[in-house]
Amino acid sequence: MQPVVSVKNLSKTYASGFQALKHIDLDIRQGEIFALLGPNGAGKTTLISIICGIVNASEGTVMADGHDIRDDYRAARGKIGLVPQEISTDMFESVWSSVNFSRGLFGKPANPAYIEKILRDLSLWEKRDSRIMALSGGMKRRVMIAKALSHEPRILFLDEPTAGVDVDLRRGMWEMVRQLRENGVTIILTTHYIEEAEEMADRIGVINRGEIVLIEEKTALMEKLGKKQLTLELQHPLSAVPAALAHYRLDLSPDGCKLIYTFDNEGQRSEIAGLLRLLSENGIEFKDLQTSQSSLEDIFVSLVRGDA
Ligand SMILES: Nc1ncnc2c1ncn2[C@@H]1O[C@H](COP(=O)(O)OP(=O)(O)OP(=O)(O)O)[C@@H](O)[C@H]1O
């Protein structure tokens, strides 16, 4: 299937001479939730801003739903909704007129029934006549989403959608994003909350210092890079890892009470049975055992540090 957004060889050097993006290639699939992760200053907002036509690229091309973002700007931009990081709207306007106005900006004919639907979906219907300045922070954020959806885009960019949003509201927004996807909208989100990507994304891209360092299905990424640990709580503390167990490169906790075996998901798992046998042959008894798997956060930290 043709990608809904296709970025080819995209570079950006700001007037200051700083190169924020370096030869980015990225295809977004129709109907997916794609999470773009990266540390501060990695280039996420620059990339989104170029795709949305707010910032000009220095080099490369972007196609949005088959339209070149530069040569065919209006058609391309009409396919895209952007929820920016900052809440930026006329605070004196009512919710209804602000959202309605956004739709008009894209040259779309008025459609009160559609605007009503998005306001209801975002739990803003009761507030339609309120001035935006009178709303809570979470509601203001939802108004920004309603505005971004007002012209029925096929692609929605959410730049840090839940920054500073409390846990309850964050869960509500995740649910809403999933519903949008079910309605056929492709979602691209940037986030600092790795648990957000872990929870929602179908695919994850990691950007670091202006370069895409990884693009992978989330589940495959967790499988491939997710280290697992087996922790054995010992009956009697050890002063050192016995030489007989050297093959397993075990770690001993500082108090000598826990032996920790770190393994990846591919091959070393099958060696656990052998390890347990060897422990018993060497008279090392354990009273409990647990396994844990690294989170996307662990994976991300090691990727950005460059040791994954
Ligand atoms: N107008 C500009 N002029 C010069 N440099 C800029 C400009 N805008 C951004 N930069 C630089 O480009 C780099 C990438 O910035 P960008 O905002 O894209 O990063 P980000 O990944 O979105 O970061 P954050 O997570 O902090 O929002 C940063 O080093 C930033 O200082």
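Which residues have the most contacts inside the largest nonpolar core? In this predicted model, they are Ala35, Ile51, Ala64, Ala146 and Phe157, and the core has 64 residues.

## Nonpolar cores

Helix α5 (residues 137-149) gives the largest share, six residues. Both domain 1 (5-223) and domain 2 (226-305) take part, with at least three residues from each. There is also a second, separate core of five residues, and Leu230, Tyr248, Leu259 and Tyr261 are among them.

Setting aside neighbours within four places in sequence, Ile51 is in contact with Val5, Val7, Val62, Ala64 and Ile69.

## The ligand shell

Around the ligand you will find Tyr14, Ser16, Phe18 and Ala20, together with Gly38, Asn40, Gly41, Ala42, Gly43, Lys44, Thr45 and Thr46. By type, this shell divides into seven polar residues, four nonpolar and one charged. Helix α1 (residues 44-51) supplies the largest share of the shell, three residues.

## The four-stranded sheet

Four strands form an open sheet in the order β2-β1-β4-β5, and their pairing is antiparallel. At the edges stand β2 (19-28) and β5 (67-68); each has a single partner strand, so one side of each is left without a neighbour in the sheet.

Strand β1 (residues 5-13) runs antiparallel to β2, and six bridges join the two. Within this part of the sheet, threonine 13 stands opposite glutamine 19 in β2.

Conventions: Residues are numbered from 1 along each chain as its sequence is written. This is a predicted model: local features need pLDDT of at least 70, side-chain atom pairs count only at pLDDT 80 or more; totals for chains, interfaces and linings use all residues. A nonpolar core is a set of buried Ala, Val, Leu, Ile, Met, Phe, Trp, Tyr and Cys residues joined through C-beta atoms within 7 Å. A residue is buried if 20 or more other C-beta atoms lie within 10 Å of its own, exposed if 12 or fewer, and partly exposed in between; C-beta atoms are placed from the backbone. Domain bounds come from an automatic or database domain assignment. Two residues are in contact if their C-beta atoms, placed from the backbone, lie within 7 Å. A residue is near a molecule or strand if its C-beta atom, placed from the backbone, lies within 6 Å of it. Ala, Val, Leu, Ile, Met, Phe, Trp, Tyr, Cys and Pro count as nonpolar, Asp, Glu, Lys and Arg as charged, and the others, Gly among them, as polar. Two strands pair if DSSP finds at least two bridges between them.
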